[in-house]
Amino acid sequence: MHSRFNSLVPGFSRFFTLTQLILSGLLLTGRPTTGQPVSGAQTLSGRITETPSGVAVPFASVAVKGKAIGTVADENGRFTLTLTQRADSLLVSAMGYQPTTIAINPAQTLEIVLKPAATQLNEVVIRAGENPAYPILRNVHAHRFKNDFRQTGAYEYQAYSQLSISISQMAEQFRQRKPVQAILRAIEQKQGGKPSANVPIFFSETVSQLYARRQPERQKEQILKTNISSAGLTDDSFIALFTGAGFNTLNFYQNTVSLFKKEFVSPLAGHGRTAYTYFLADTALVGLHPCYVIDFDPKNERDLVFKGKIWIDTLSYALVQIEAQVGAAANVNFIKAIAIQQTYETASDTSTVWFPEVTRLTIQASEIVRNTFGATVEYLTTVRQPRLGNPRPTDFFDSEVQLAEDAKAASAEYWQAQRQSVPETAASEETRALLDTVRNLPVFKFVRRSGQFVLNGGYAPLTKGVDIGSVFSLWAYNRIEGHRLRLGLQTNNDFSRNWQLSAYGAYGTRDQVWKMGGEINFVPTRHPLTLITLKSSYDLEQLGFRTEDLADNPFLRTTSRFSQYRHAYYQNETSLSVQRDWSADFIQTAGIRYRHIDPLFPFAFRPSLQDTQQTALSSSFWGTEAFLELRYVPGRIPSRRVTKRRIQRRATETAPIISLRYTYGTAAFDGGSFGGYHKWQFQLDHTLRWGLFGRTQFTVQAGFTPSTLPYPLLQVHVGNQSPFYNRNAFNLMNYAEFVSDRYASVSLEHKFEGLLTNRVPLIRRLGWRSFVNSRVLWGSLSPENRNLMATHDASGRALAPIYSLQRDPYVEVGYGFENIFKLVRVEGIHRLTYRQHPNVTPFAVKVSFQLGL
């Protein structure tokens, strides 16, 4: 379920970035919410005393039974509580007294009498000179496997969740703009003349059933009902990221708590003393549970840590309640404050396992563009009907998220009943009441179109179901094509949810060659998720820096068309592939493709003719390949978006990604062929998280081609001679400098996440983050493949040498800073080996751009 939460993070990050860039940003859409705010609020008042003395009980807790609604009595035992929901009884408790339940009667002042109760606390051994909070925390750590519901063999529960997003914290300069004034006047009129500080743009509520088991580890969420209302437009699959019970997976028993792809040190971590100072503040009664109250404060507030308070049960050492905050000083971009509140309760009267009964998360996002606005995100979820044991069979977990066919079919009465069991915030009531008003304003219709344009990568609507673009690739310039002009079309969800079509045409003013391509994606089933792709193209490529190597980086895909194209060739390619979820942990892809390569650079090979022992020079060649790839992706969750030729998936906290690919092909040239050949490729991607000490990302790759082939069909290692950093390349290796038919490589990067820079006086205020990395490549080329390379072309001109790796590996190391101006990454890179090759760059500084938290 961690991946369920993490899937929400990129969605919110993209949402907020776009809001800042286009006035009101990326505004989400859904069906209008039909529920109305609860009316008829009632006020209760009363006094709490003890028996037999009749003395007032100060600061007693008064709560609606079964709900997270309550208050605290004053020093004279008097209290006032306003209810906006139906309730029938109150639970009153105080430290040192027996809790009591009384019926609600708003017609009279409540007189509540508590009986004293002697509370016997467990023995806690405190060492000489030791902080008294430490032995309690050690006991929490020792008992976590018994108390944490995630450690049980199997569990399931129902959850009701709310998510609301509002534009807030508007600067006066921004507020005075005419479009903003129009929005605020409409909201004020809707509220009967009451001005509003927030502009609601999104609200969702969801009822879902969650299931999990440990051996093997599986999880599933069935979204039973969902109700979405918003002020703008995006596709349903993106909206789906903002529904469900994902935030309920926050787990403070772990050493780190994942928020927005950041690893915050948990106050309950085994090494928590390195990040926090603790203070045993008090004992208190939370519901029926006598608790230790421990305050925790960060030693360095710029680190990824919390500040707050925890309540620990004195009998079981279970976490009963936590209040944790992240302040503006933390090294997290665009976040002004994060507040988390969780209350826990046992699964049943006889159970020792605790579930997060209520989780509330509030995020205050700050300005990206100065003198504009921020955003407020409020999330609330409650756990209902928790059950332990009886694990579901493994084939039950065929998909991680499942949407019921009638998920959108629910009455206003149904949602009103669901809301009765949770504390409603003023923000959620305001959001539901005002969204229709905001959605119909002309300015928001303009914002909707602008946001969709940016989200679609520069594609604009041409007609219903068809977009035209992209503006980002309309023009490029390079030495082969001269001015490159490109225009494309693609379909969207209005055309079909199962079919995605795209096509483009491009023309070079210098080479005067038309390039074109088209692609068809078809999703026949989503359970299991299946993607069939047919694509064909004729375009300009360059050896050692192909477009397919840049599929996940749109910035490099665009800038690569401005390259020098030192090893350019025209490629005619047609491929058909099928990608399918084989099981919860495996994805398989099978396909076939045809390629014809016509080099524009001096190139030749000397193939042996089949009927004689003579050799002949040749340049262009063609071939057909069939491949099968198996990916092991434990704990993945699909992004619910099938875009840009693949189904995107994300990592869990600990699981690696392992890929194994086999290719069989044939290649031919004028007058001969190479027969059948084989390729094997392996890749492992993993991330190790070290909490306060940062995280390490590494990739291991290996390949073997036991066949004799022209070197463009072998492994031409990806170089990078551009000024921009490419994480998939060897950044100081020249294009097509090295070729191998067997190789292994390791790429490693450690991000300190502010561990060092947060402690440097001049740098810590800038929010920079340091990192180090290295890339090592071992490889070789067989004598047969080496002899196949021609040293001169057909006219006798000498060809540029293509190198293979010898005994020494290729090594480069780098270091630098990222998050400069919250956008720029600057890295110094050293090439340590093979520096004697011509045109080598032994050191360079490269730049890249990344907008994130």
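## About the model

The model is predicted: local features need pLDDT of at least 70, side-chain atom pairs count only at pLDDT 80 or more, and totals for chains, interfaces and linings use all residues. Residues are numbered from 1 along each chain as its sequence is written, and side-chain values use heavy atoms, leaving out hydrogens and water.

## A nonpolar patch

Strands β24 (475-478) and β25 (482-491) each supply at least two of the patch residues; strands here are DSSP runs of E, at least two residues, and helices are runs of H or I, at least four, numbered from the N terminus.

F562 comes from the loop between α9 (554-559) and β29 (568-581). Its relative accessible area is 36%, so F562 is partly exposed (buried is under 20%, exposed over 50%, partly exposed in between, with a 1.4 Å probe and protein chains only).

## Aromatic pairs

There are 32 aromatic pairs in the structure. In one of them, the ring centres of Y662 and W680 are 4.6 Å apart and the planes lie at 45 degrees, so this pair is tilted. Y662 sits in β34 (residues 657-669) and W680 in β35 (residues 672-689), so the pair ties together parts 18 residues apart in sequence.

Rings of Phe, Tyr and Trp (its six-membered ring) pair if their centres lie within 6.5 Å; planes under 30 degrees apart are stacked, over 60 edge-to-face, and the rest tilted.
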